[in-house]
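Subject: Handover of a structure and notes on its fold

Dear colleague,

Please find below the structure I am handing over to you, followed by an account of what was found in it. I would be grateful if you could read the notes with the structure open.

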Amino acid sequence: MQVFSRFFAAILAILLAPMAMSSAALAQAPQNWSLGMGTPFSPVKEGIISLHNLVLLIITVITLFVTVLLIWVMVRFNEKANPNPSQVSHHTGLEVAWTVIPVLILVVIAIPSFRLVYFEDRTPDPALTVKATGHQWYWEYTYPDKGDLNFTSYGLSDEEVAKQGKLRMLAVDNELVVPVGKNIRVLTNSADVIHSWFIPSLGVQRYAIPGRTIETWFKATSAGTFYGECNQICGTNHSRMPIVIRAVPEAEFNAWLVTAKTKFSDAAPKTLTVAEIQR
Ligand SMILES: [Cu+2]
């Protein structure tokens, strides 16, 4: 009995999770028991969700069709119901159909898919460029069109997180600040191994590869804090290089720029001790 009530409690939690999420979603962090895609906060993410919905619809129809076909074959053509099977082994019409129909389905998926890939790839009318360089194990951000403002962004240790009341494994010391509602061009790059710059709620995921600069972009459609992580396994502290983007109104961004330029004027990347790395 207890097993059943636990089971139903779990089902209820899954069903109610989206409701609980909408209030907590302002923090843009992962939520317990959430299902499906998170709320979109950029045009690219909206595109990802609509492509996902289209493909989900197509695979649902295909799965139902194949299930019904299997059941029909098992019932109608089993040995008892159909003792003398047909001897037909080729049917040109049928063979053409089951080749052409899947091709057409793939074309229907490919068109919006390629459109989205190209949409993600180049920034329409960029207002700001930010360079994100992956390091083992922190991110370095550069604003080339803001006097090469440059700073590092380290994940906070568990003690610091507890002290500051922030999110464990997601909070950083220096957040990437950008103006809200503007197209931000992101150039990813790496100083050592392959990393990946991934912010789910903004629909951004780009490899950071040594010796290569890759472009992508986002536009935060509302002010807020957006969390992400390096999602390419890059060594011991892979899980300790989160990404935090704070989208703020233009005036606030300009004010932040002034203070950031003084704060980070002589900042050099800090060297981690072995104890810090293993923490
Ligand atoms: Cu990494």
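Which residues have the most contacts inside the largest nonpolar core? Before turning to that point, please note that this is a predicted model. The core in question has 38 residues, and those with the most contacts inside it are Val130, Val186, Phe218, Phe226 and Ile245. As general background, nonpolar side chains in soluble globular proteins tend to be buried together.

Overall composition

The protein contains six helices and 10 strands. Of its 279 residues, 22% count as buried.

Five strands form an open sheet with mixed pairing, in the order β3-β2-β1-β5-β8. The edges are taken by β3 (149–153) and β8 (214–218); each has a single partner strand, so one side of each is left without a neighbour in the sheet. On average, neighbouring strands of this sheet are turned by 25 degrees against each other, direction ignored.

Within this sheet, strand β1 (residues 128–135) pairs with β2 in the antiparallel sense over five bridges, and a hairpin joins the two strands through two residues.

The hairpin of β2 and β3 has five residues between the strands, and in it Gly147 takes a positive phi near 65 degrees.

The sheet that contains β4

A further open sheet of five strands has the order β4-β10-β9-β6-β7, and its pairing is mixed. Its edge strands are β4 (176–179) and β7 (204–208), each of which pairs on one side only. Neighbouring strands in this sheet are turned by 25 degrees against each other on average, direction ignored.

The partner of β4 is strand β10 (residues 242–248); the two pair in the parallel sense over four bridges. Val178 stands opposite Ala247 in β10. Helix α5 (residues 250–263) lies across β4 and β10, and runs at about 140 degrees to β4.

The pairing of α2 and α3

How are helix α2 and helix α3 packed, and at what angle? Helix α2 (residues 43–76) and helix α3 (residues 92–121) pack at an angle of about 170 degrees, with their axes 10 Å apart. Angles over 145 degrees count as roughly antiparallel, and α2 is therefore roughly antiparallel to α3. On the α2 side, the contact is made by Val44, Gly47, Ile48, Leu51, Leu54, Val55 and Ile58. On the α3 side, the contributing residues are Ile105, Ile109, Pro112, Ser113, Leu116, Phe119 and Glu120. Taken together, the residues of this contact divide into 11 nonpolar, two polar and one charged.

With kind regards

Key. Residues numbered from 1 in each chain as written. Predicted model: local features only at pLDDT ≥ 70, side-chain atom pairs only at ≥ 80, totals over all residues. Pairing = 2+ DSSP bridges. Axes fitted to C-alpha atoms, helices over the stretch in contact; angles between N-to-C directions. Parallel < 35°, antiparallel > 145°, perpendicular 65-115°, else oblique. Contact = placed C-beta atoms within 7 Å. Nonpolar A, V, L, I, M, F, W, Y, C, P; charged D, E, K, R; others polar. Buried ≥ 20, exposed ≤ 12 C-beta atoms within 10 Å, placed from the backbone. Core = buried A, V, L, I, M, F, W, Y, C linked by C-beta atoms within 7 Å.
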